[in-house]
Amino acid sequence: MSFATLGLSPALLRAVREQGYHAPTPIQSAAIPAVLGGGDVLGLAQTGSGKTAAYALPLLQRVLASRDGGPRRLRALLLLPTRELAEQVGEVLREFARSLPEPLKIAIAYGGVSLNPQLMGLRGGVDIMVATPGRLLDLVEHNALRLDTAQTLVLDEADRLLALGFAEELQRVLGLLPAQRQNLFFSATFAPAVQALADAILREPQRIAIEATPAELPDIVQRAIQVDTAARTPLLRHLIASEAWPRLLVFVATKYAAEHVSDKLWKTGIKAAALHGELSQGTRRQVLAALKANEIQVLVATDVAARGLDIPDLPAVLNYELPRSPADYTHRIGRTGRAGASGVALSFITADSEAHFRLIEKRQGQRVAREQIAGFEPGEVASEAQAVGGIKGKRKSKKDKLREAAAQPTR
Ligand code: AMP
């Protein structure tokens, strides 16, 4: 299969070549003709599979074709759940648009930075808007743009945008869009409840689910290392030294942990920084740029970094703390092993998180062998709350309790 057979214009075929893409990925082969056809599309494919270009290329072609020589007005609205993704997707669109015969204006907007430059940027109209929902609504309230001329709505990471946290904002945006429009929803994961919400919005969508064959699956080796809670940072330092990863993304559960762990690494001479939702947008951008430019080696992040971020040449991801949901685990580990590269995803498993990891393994239908690292062998047993079913655990039998009591070191 080649890009030339998918119906893209010569200008966009040139853009694809300039990006160094030789052949379309499976989601691109299926989605590009579907989007060009004008109908609704629901695209499901794993992270790192080329989803962005799958909708960006045909979208640009349709937007260009609909220009009528009149004043610039909004043709396509792309919603993303995080600021980083809005920026990343906006830049991909701008890069492809550079090859077009006519310039298209692509605006990017997200919260956490001042509104004024974004307001000014919309003067004279815009063809494509790439935004997070909250900031988009702010801009509409300031009369900086109208949504009623949009012909296409794209939800990337659609399952996140349809979930509860964004429900109200999304409903407001939908109310401002014309009823007659093309809807393109893309995601790697779709829970059944979210699927029902999508079904209520989409009209006779073409459903494109790319079941990756083993050969196409991202080459991610999963490892699970058993360790005591208190030994996680020393083990992390040990692994950074012994594995010599040029770059590492470490996931933790809270903003506090992101700061705390990165501080501890920094104090022992490892160049590390934290990334979480409470940092200013400028800092978040700087930190990501520093990782990409090799100015820092380790990024310690909360789940703001779990979805969609494309960090080139990231050989390893490490779950210092496990994510709450199995879907988030898939997204986190998908930051490595992208675009055909191989990667390793490690998870620290403490006595208290063992039951939760088993649930994650069950959901992904794959068991990961437990390992221990010499010098860091765990001695902890699960706390009562976890063991008695905090997270899908089994109530311990009397025998188990006695056995555990016997195994406890005497103080
Ligand atoms: P995405 O899933 O859209 O985040 O894309 C993941 C990575 O794959 C990005 O770095 C893209 O530049 C790259 N990519 C997308 N499509 C292709 C293709 N057809 N050939 C080679 N690389 C691609």
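Reader: How many aromatic pairs does a search of the whole structure find?

Author: The model is a predicted one. A pair of aromatic rings is described by the distance of the centres and the angle of the planes. In this structure, the search finds four such pairs. In one of them, Tyr55 and Phe186 lie 5.3 Å apart, centre to centre, with 45° between the planes, and the pair is tilted.

Reader: Which parts of the chain does the pair of Tyr55 and Phe186 link?

Author: It links distant parts of the chain. Tyr55 belongs to helix α3 (residues 51-66) and Phe186 to strand β6 (residues 182-187), 131 residues apart.

Reader: Are Tyr55 and Phe186 buried or exposed?

Author: Tyr55 has a relative accessible area of 0% and is therefore buried. Phe186, also at 0%, is buried as well.

Reader: Why is the pair of Tyr329 and Phe357 edge-to-face?

Author: Planes over 60 degrees apart count as edge-to-face. The planes of Tyr329 and Phe357 stand at 75°, with the ring centres 5.9 Å apart, so this pair is edge-to-face. Here too, distant parts of the chain are linked: Tyr329 is in helix α13 (residues 326-333) and Phe357 in helix α14 (residues 354-364), 28 residues apart. Tyr329 counts as buried because its relative accessibility is 1%, and Phe357 is buried at 0%.

Reader: Let us turn to the sheet. In what order do the seven strands lie, and is the pairing parallel or antiparallel?

Author: Strands of a sheet pair through backbone hydrogen bonds, either parallel or antiparallel. In this model the pairing is parallel, and the open sheet has the order β3-β4-β2-β5-β6-β1-β7. Each edge strand, β3 (106-109) and β7 (206-209), has a single partner, so one side of each is without a neighbour in the sheet. From one strand to the next, the twist averages 10°.

Reader: How many bridges join strand β2 to strand β4?

Author: Four bridges connect β2 (residues 76-79) with β4 (residues 128-131), and the two strands run parallel. Leu78 stands opposite Val130 in β4.

Reader: What is the mean pLDDT of the protein, and where does pLDDT stay under 50?

Author: Where pLDDT is low, the predicted coordinates should not be read in detail. The mean for this protein is 88, and 89% of its residues reach 70 or more. Over residues 387-395, however, pLDDT stays under 50; for this stretch the model has 13 contacts beyond four places in sequence.

How values were computed
Residues are numbered from 1 along each chain as its sequence is written. This is a predicted model: local features need pLDDT of at least 70, side-chain atom pairs count only at pLDDT 80 or more; totals for chains, interfaces and linings use all residues. Side-chain values use heavy atoms; hydrogens and water are left out. Rings of Phe, Tyr and Trp (its six-membered ring) pair if their centres lie within 6.5 Å; planes under 30 degrees apart count as stacked, over 60 as edge-to-face and the rest as tilted. Buried means under 20% relative accessible area, exposed over 50%, partly exposed in between (1.4 Å probe, protein chains only). Two strands pair if DSSP finds at least two bridges between them. Axes are lines fitted to C-alpha atoms, for helices over the stretch in contact, and angles run from 0 to 180 degrees between N-to-C directions. pLDDT is the predictor's confidence in each residue, from 0 to 100. Contact means heavy atoms within 4.5 Å.
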